[in-house]
Amino acid sequence: MNDRLKRIAGQFRLDGKVKEVVSLGEGFINDTFIVKIDKGKPEYILQRKNKRVFSPVPAMMENIQKVCLHIKAKVQLSGGDPMREAMTIIPAMDGRLYFVDESDEYWAVSLFIDDTIAYESAETPELAYAGGKGIGKFQSLVSDLKEPLTDILPGFHNIRIRYQQWDKVLNKDPLGRKASVATETGWIEDRREEMLKFWKLVEDGEIPTRVSHNDTKINNILFDKKGEVLCVIDLDTVLNSTVLNDFGDAIRYYTNTGLEDDKNLDNVSMDIGIFKAFARGYLEEASSFLTKKEIEYLAFSARYITYEQVLRFLMDYIDGDNYYKIKYEDHNLVRTRAQYKLLTSMEEQFEKMNAIIRELASSQPK
Ligand SMILES: Nc1ncnc2c1ncn2[C@@H]1O[C@H](COP(=O)(O)OP(=O)(O)OP(=O)(O)O)[C@@H](O)[C@H]1O
Ligand SMILES: [Mg+2]
């Protein structure tokens, strides 16, 4: 295996001879390795890209490159270090941004950014604040990137398309599970209109389309040793969409006091302190480019994304558990109920969330 990995790493334009390839562990999506070269520095990150999730890997790499080059240029202009404050994609020997091996697997290499701190989860307000800053800063850096990106995840976070899938699955009801989840199905239907109303604002351009990251977990942000945001990595999912999706999804996972599949619903709620901390960090960076309309819908975006997740878990349950890996029979139903509990907690605290956003937004320098 290691010889194979070394051979693959050798297909890229590295600044030396490959000495060693060490696994960084298997992520949810990609397999990640560190490549060490004979003279020591720099080190590189080698990733096997999951082509099942991102089918057009070449288009995905083009997207990533556009974003990286744009950020580098801006960092340079502001006197920062473009090799540390942006990802650097290393092309293959033939100049392409990826290499396809003999098993038809896609590989890509970037410069390893060292001396960083990464966090696995953000359970304190301090970390939520840092996470908000990271995502806000990323969005701000790409807010003037006008070149369109290829849509490698068509329909992502598009509730209109989700309803088409939903209606189809409910009609088909392959395992006859629908009758047993009438209450849960009602949760989805009761909110259909307001969710479509929100998405229409995006479709009509009242809420602008920008560059969004779409995987806002805190372990995708690298911090320097002082704790300042250095750069956002894991750019596989960059898309042209509303940036509210990033905010909403971050709030969905940062603020949950329980687990995504918590069986004890008493554990699950939205932590308003974490919400406030994330929003403060986010708005410190993002209020300079967000429109009034976007700010108005920030709190709602958390409900939108959480609702979509309830729908997706329930739809997968009715469909026979084809999408999300399950550990036991009703796992997707447990997930549905836990996400719904989180959604209702957001709904109950919605006024407070909006008041927090209004207060934070009005205290930002214009
Ligand atoms: N350029 C880089 N410099 C330093 N560390 C990196 C770099 N790229 C990736 N890493 C490290 O490798 C980890 C996994 O990378 P990445 O997030 O791109 O993969 P992933 O498969 O999408 O992972 P996950 O599914 O866990 O998000 C990161 O969390 C980070 O710790
Ligand atoms: Mg990641």
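**Close-up 1. A salt bridge between Asp-321 and Arg-177 in the predicted model.** In this predicted model, the side chains of Asp-321 and Arg-177 meet in a salt bridge with an N to O distance of 3.1 Å.

Close-up 2. Glu-102 forms a salt bridge with Arg-4, in which the closest N and O atoms are 3.9 Å apart. The two residues come from distant parts of the chain, 98 residues apart, with Glu-102 in the loop between strand 5 (99-100) and strand 6 (106-111) and Arg-4 in helix 1 (residues 2-9). Glu-102 counts as exposed, at 58% relative accessibility, whereas Arg-4, with a relative accessible area of 21%, is partly exposed.

**Close-up 3. A salt bridge between Glu-189 and Arg-192.** The side chains of Glu-189 and Arg-192 meet in a salt bridge, with 2.9 Å from N to O. Glu-189 counts as partly exposed, its relative accessibility being 32%. Elsewhere, salt bridges that share partners join Arg-4, Arg-7, Asp-101 and Glu-102 into one network.

Close-up 4. The magnesium ion is coordinated by OD1 of Asn-220 and by OD of Asp-234, at 2.1 to 2.2 Å. These two residues link distant parts of the chain, 14 residues apart: Asn-220 belongs to the loop between strand 7 (210-212) and strand 8 (221-223), and Asp-234 to the loop between strand 9 (229-232) and strand 10 (239-241). Asn-220 is buried, with a relative accessible area of 6%, whereas Asp-234 is partly exposed, with a relative accessible area of 24%.

**Close-up 5. Packing of helix 10 against helix 12.** Helix 10 (residues 298-319) and helix 12 (residues 350-362) pack with their axes 8 Å apart and at an angle of about 140°, and the two helices are therefore oblique to each other. On the side of helix 10, the contact involves Leu-298, Ala-299, Phe-300, Ala-302 and Arg-303, which meet Phe-350, Met-353, Asn-354 and Ile-357 in helix 12. The residues of this contact divide into 7 nonpolar, 1 polar and 1 charged.

Notes. Residues are numbered from 1 along each chain as its sequence is written. Chains are lettered from A and ligands numbered from 1 in the order in which they are written. This is a predicted model: local features need pLDDT of at least 70, side-chain atom pairs count only at pLDDT 80 or more; totals for chains, interfaces and linings use all residues. Side-chain values use heavy atoms; hydrogens and water are left out. Donors are N, O and S atoms within 2.8 Å of the metal (3.2 Å for Na, K and Ca); water is not among the atoms, so sites may look incomplete. Helices (H or I, at least four residues) and strands (E, at least two) are DSSP runs, numbered from the N terminus. Buried means under 20% relative accessible area, exposed over 50%, partly exposed in between (1.4 Å probe, protein chains only). Axes are lines fitted to C-alpha atoms, for helices over the stretch in contact, and angles run from 0 to 180 degrees between N-to-C directions. Angles under 35 degrees count as roughly parallel, over 145 as roughly antiparallel, 65 to 115 as roughly perpendicular and the rest as oblique. Contact means heavy atoms within 4.5 Å. Ala, Val, Leu, Ile, Met, Phe, Trp, Tyr, Cys and Pro count as nonpolar, Asp, Glu, Lys and Arg as charged, and the others, Gly among them, as polar. A salt bridge is a side-chain nitrogen of Lys or Arg within 4 Å of a carboxyl oxygen of Asp or Glu.
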